[in-house]
Amino acid sequence: MDMLSHISLSVSDLKRSSEFYDAVLGILGYPRVYTGDTAAGWGDAQGNEKFAIKKRVHQAHPPSRGFHLAFHAKTQSDVHAFFEAGLKYGGKDNGQPGPRPEYGPRYYAAFLIDPDGYEIEVKLFV
């Protein structure tokens, strides 16, 4: 059993954030599993929600620096595609794709800031 059921973030613009997360999470094989008037969620192929966004605020207030969400990638190409899609859909560069020896000899990752300012990472061990 997974340690966490799911995590959700407040967003300021549900449509914009949904498009961003459709793009980046779709690359990793996580489809959108539900859409509502004030929320959207992504998860596994069986429809189990793992990540959600909720329109609850006019301006999001991400946690302090150091908090971030990390998503698993299957290949280095996925890391690059996630990063590029994130930039295309309103994310900001927070660390180009590449090896991260400071985190371990096999750590390969990229870092983005999503449209509301949340720090996200995509990673794999090579």
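Biologist: In the hairpin of E7 and E8, which residue takes a positive phi?
Modeller: Keep in mind that this is a predicted model. The residue is glycine 117, with a phi near 100°, and the hairpin has five residues between its strands.

Biologist: How many bridges join E7 to E8, and which way do they run?
Modeller: Seven bridges, and the two strands run antiparallel. One spot to look at is tyrosine 107, which stands opposite phenylalanine 125 in E8.

Biologist: What about E6 and E7, how do they pair?
Modeller: Those two are antiparallel as well, over five bridges. Glycine 95 has phenylalanine 111 in E7 as its bridge partner.

Biologist: Is E7 enclosed or open to the outside?
Modeller: Largely enclosed by the rest of the structure, because six of its seven residues are buried.

Biologist: What's the strand order in that sheet?
Modeller: E5-E8-E7-E6, an open sheet of four strands with mixed pairing. From one strand to the next, the twist averages 20°.

Biologist: And E5 to E8, parallel or antiparallel?
Modeller: Parallel, with four bridges joining them. Alanine 70 stands opposite glutamate 121 in E8 there.

Biologist: Which strands does H2 touch on that sheet?
Modeller: H2 packs on it and touches E5, E6, E7 and E8, with its direction at about 10° to that of E7.

Biologist: OK, helices. How do the axes of H1 and H2 cross?
Modeller: They come within 8 Å and cross at roughly 175°. An angle over 145 degrees counts as roughly antiparallel, so that's what H1 and H2 are to each other.

Biologist: Which residues make the contact?
Modeller: From H1 you have Phe20, Ala23, Val24 and Ile27, and from H2 Asp78, Ala81, Phe82, Ala85 and Gly86.

Biologist: Switching to rings. How many aromatic pairs does a search of the whole structure find?
Modeller: Eight. Take phenylalanine 20 and tyrosine 21: their ring centres are 4.8 Å apart and the planes sit at 85°, so that pair is edge-to-face. Both of those residues are buried.

Biologist: And how are the rings of phenylalanine 71 and phenylalanine 82 arranged?
Modeller: That pair is tilted, because the planes are at 40°, and the centres are 6.3 Å apart. Phenylalanine 71 is in strand E5 and phenylalanine 82 in helix H2, so the pair ties together parts 11 residues apart in sequence. Both are buried, too.

Biologist: Which residues form the aromatic cluster?
Modeller: Phe20, Tyr21, Trp42, Phe51, Phe71 and Phe82 form one cluster.

Biologist: Then the largest nonpolar core. Which of its residues touch the most other members?
Modeller: Tyr21, Leu25, Phe51, Ile53, Phe71, Phe82 and Ile120, out of 28 residues in that core. Among the elements giving two or more residues to it are helix H1 (14–27), strand E4 (49–55), helix H2 (76–88) and strand E8 (119–125). H1 gives the most, with six residues.

Biologist: What does tyrosine 21 touch, leaving out residues up to four places away in sequence?
Modeller: Leu9, Gly26, Trp42, Phe51, Ile53, Asp114 and Ile120.

Biologist: What about leucine 14, buried or exposed?
Modeller: Buried, because its relative accessible area is 13% and the cut-off is under 20%. Leucine 14 belongs to helix H1. Leaving out residues up to four places away in sequence, leucine 14 touches Gly36, Asp37, Thr38, Ala39, Ala40, Ile53 and Lys55.

Biologist: How far apart are leucine 14 and isoleucine 53 in sequence and in space?
Modeller: They're 39 residues apart in sequence and 7.5 Å apart in space, C-alpha to C-alpha.

Definitions and conventions: Residues are numbered from 1 along each chain as its sequence is written. This is a predicted model: local features need pLDDT of at least 70, side-chain atom pairs count only at pLDDT 80 or more; totals for chains, interfaces and linings use all residues. Side-chain values use heavy atoms; hydrogens and water are left out. A nonpolar core is a set of buried Ala, Val, Leu, Ile, Met, Phe, Trp, Tyr and Cys residues joined through side-chain atoms within 4.5 Å. Buried means under 20% relative accessible area, exposed over 50%, partly exposed in between (1.4 Å probe, protein chains only). Contact means heavy atoms within 4.5 Å. Rings of Phe, Tyr and Trp (its six-membered ring) pair if their centres lie within 6.5 Å; planes under 30 degrees apart count as stacked, over 60 as edge-to-face and the rest as tilted. Two strands pair if DSSP finds at least two bridges between them. Axes are lines fitted to C-alpha atoms, for helices over the stretch in contact, and angles run from 0 to 180 degrees between N-to-C directions. Angles under 35 degrees count as roughly parallel, over 145 as roughly antiparallel, 65 to 115 as roughly perpendicular and the rest as oblique.
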